[in-house]
Amino acid sequence: MEMLSKVHTKNLVKWGKTHPKAVVLSADLTSSCEADLFRDTYPDRFFSMGIAEQNMMSFAAGLAREGLMPLVHTFAVFIYRRAYDQLAMSVAYADANVKMFGFLPGILTPGGATHQAIDDIALMRSLPNMTVLEVGDATEVESVLDVMAAVEGPVYIRMLRGELPRLFPADEPMKLDQPRVLSRGRDLTLVTSGVCTEEALRAVTVLKARGLAIQHLHLSTLKPCHSPLVREALETPKYGVLSLENHLATGGLGSILAEKIADGGLGTKLTRLGLQDTFAHGASKAYLMREYGLDALALTSAVERMVDQPLNIREEELSAVRIDAVHSEHKAEAL
Amino acid sequence: MTDTAWIDQVRLAARRIRRRVLDHTIKHNGGYMSQACSSAEILSTLYLKAMALAPLDRPLRPRPFPGTPKRGNNLYFTGAEFNGRALSHHDRFILSPAHYALVIYAALIEAGRMDPVGLEYFNQDGSSVEMIGAEHSPGCEVTCGSLGQALSQAAGIALARRLRRDSGRVFVFMSDGEFQIGQTWEALQAASHHRLENLILYVDVNRQQCDGQVTSVMTIEPLEKRLESFGWRALRVDGHDPGALEAPSRLEPNGRPLAVLCDTDPCRDLNLLNRNAPKLHYLRFKTTEEREAYRQALEVL
């Protein structure tokens, strides 16, 4: 598995060259949100807004009303928690063409509860006019810009930074409301998003070795969610549906699936993995994903409960898969 | 227009705005009356003299509520159509305190921009002439019922206009109570930091808010000093003097956004209203005698 660093930093500059209406707004987290190279390359299209997100959101709406495409860069929590009224009334209500890059989704940061966006999908997807995207690897970080630009309205992106794996081939860009089918099978359906997909890939390899046939979907568009691939995957699994997300188990991906199952009258059993009605705290990503049950081991344990038999999967086995994948270009390409 | 003729026209328009709002308040047993008393000269001066807005062929009749802004809603329009087609050299008007809507509607009628019949649609189901205006309401361009968001949006509009080298300016009308809001100060610092000299803010300093006197709710003064320390060019004028209100709009830009603090009387030309002090935010008659007293006041207004 290829690892890349600062994917957005370089890509934003490259993309910005052919999108002159795009301007970047930042609230004192420019390097932290990988917008520093854009700032240095296009200083006339970068506007520092200070630590003042409420103004930044409404200000962005004003720019959008005049035909510009503001790209708001800050930590996710400061977009939807700090400035929710501005987000709802200045941006979403007006269907303003504001693109919001929310960094540090879920529990990816040792910054603690104040920095961890664990309820952003719940709030964002309930806002009328809002499109909600979440990237899961370097390929999606690169291609999400074209996806969001094609939407004429507000888009919220759960964005990734720093060291990222390339899980999906560079020539298979993310597309709006098109889930990726990562494996096929009728025993159970697994739906994952964001960084949880990498965890799930490790688990699925081991589960397959135990003889389970798994339909694994990766969702990078959380709203709208109308793909028939999702509906089909929810209809047929023998042991039910399992979701894994870097978010509260309420309001996010799991809830999206629950609504689909209920609306469709499918009656499929659903297990939702994610933060279980709790805030988290500051620690490493690996520690937190273990502690709050978002990792590969949590996933295989949930599958054991679903199939109601011990699978005897040890942590070392899952770690081994991870090491395999990191070194295997072939494996990633074959997805 | 000669120098003094426009002043007389503004004064007449202001009087007629108060009359329309009072008449409406009596008919509907309620209205934002004190806001009309305080801001009538400000809005008349802006609409009749200070702002360079595109003229309309004829006063517009408000259209029904077009639905909310949404992709695919081809019926959608904003109330900015009442301010005329906005070309690069035209000024823009952004209303911040949306509960001044009735006063704005009355001002649009006096400016020959809205058909007087428009007031009959006020607060009627399915109408765009809403009690607390949104961006589809006559004269409105942004949705600002949640106070303190319009200045930020106007600053964004002003920056975008500067980037495309528009010569027109962005006028914002605010109420003084909004200076208690954190976002207002965020917007003020952003506007001066980005040197938005094409932004002109008129503030109705009527010292009144929902709970009563501003000084009893949360002190905002000294507003002029506060604004200056935030990098603005701030002037204080008599908010009922058209000449004083208009003069700042002709100042040469100097790199700083401009705030015109307009000291006003929330009971101007309607002494009867003083009886309700300090609760002046919304006028509702408690007895038929009270309503009758206002009816008589209307006759002499």
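Author: What follows is a close look at one helix of chain B, and then at a few other places in both chains.

Please keep in mind from the start that this is a predicted model. The part I have picked is helix H5 of chain B, which covers residues 182–193. H5(B) is 12 residues long, and from its first C-alpha to its last it reaches 17 Å. That is close to the 16 Å expected at 1.5 Å a residue. Just after H5(B) comes Arg195(B), which takes a positive phi of about 50°.

Which residues of H5(B) are buried? They are Gln183(B), Thr184(B), Glu186(B), Ala187(B), Leu188(B), Ala190(B), Ala191(B) and Ser192(B).

Now let us turn to another pair of helices in chain B. Helix H1 (residues 3–28) and helix H9 (residues 288–300) of chain B have axes that come within 10 Å and cross at roughly 155°. H1(B) and H9(B) are therefore roughly antiparallel to each other, and their crossing is left-handed. From H1(B), the residues Arg19(B), Leu22(B), Asp23(B) and Ile26(B) meet Arg291(B), Tyr294(B), Arg295(B) and Leu298(B) of H9(B). The residues of this contact divide into 4 nonpolar, no polar and 4 charged.

Chain A has a helix pair to look at as well. Helix H9 (residues 228–235) and helix H10 (residues 253–263) of chain A pack at an angle of about 75°, their axes being 10 Å apart. That angle makes H9(A) roughly perpendicular to H10(A). Val230(A), Arg231(A) and Leu234(A) of H9(A) make the contact with Leu257(A), Lys260(A) and Ile261(A) of H10(A). By class, this contact has 4 nonpolar, no polar and 2 charged residues.

Leu190(A) sits in strand S10, residues 188–192. Leu190(A) counts as buried because it has 30 C-beta neighbours inside 10 Å, where 20 or more are needed. Leaving aside neighbours within four places in sequence, Leu190(A) is in contact with Ala200(A), Val204(A), Ile214(A), Gln215(A), His216(A) and Leu242(A). Leu190(A) and Val303(A) are 113 residues apart in sequence, and their C-alpha atoms are 9.6 Å apart in space.

Asn97(A) lies in the loop between helix H5 (84–92) and strand S5 (99–103) of chain A. Asn97(A) is buried too, with 23 other C-beta atoms within 10 Å. Not counting residues up to four places away in sequence, Asn97(A) touches Ala64(A), Met69(A), Glu152(A) and Gly153(A). From Asn97(A) to Glu163(A) there are 66 residues in sequence and 29 Å in space, C-alpha to C-alpha.

Methods: Residues numbered from 1 in each chain as written. Chains lettered and ligands numbered in written order. Predicted model: local features only at pLDDT ≥ 70, side-chain atom pairs only at ≥ 80, totals over all residues. Axes fitted to C-alpha atoms, helices over the stretch in contact; angles between N-to-C directions. Helix = DSSP H or I, 4+ residues; strand = E, 2+ residues; numbered from the N terminus. Parallel < 35°, antiparallel > 145°, perpendicular 65-115°, else oblique. Left-handed = near helix turned anticlockwise from the far one by under 90°. Contact = placed C-beta atoms within 7 Å. Nonpolar A, V, L, I, M, F, W, Y, C, P; charged D, E, K, R; others polar. Expected span 1.5 Å × (residues − 1). Buried ≥ 20, exposed ≤ 12 C-beta atoms within 10 Å, placed from the backbone.
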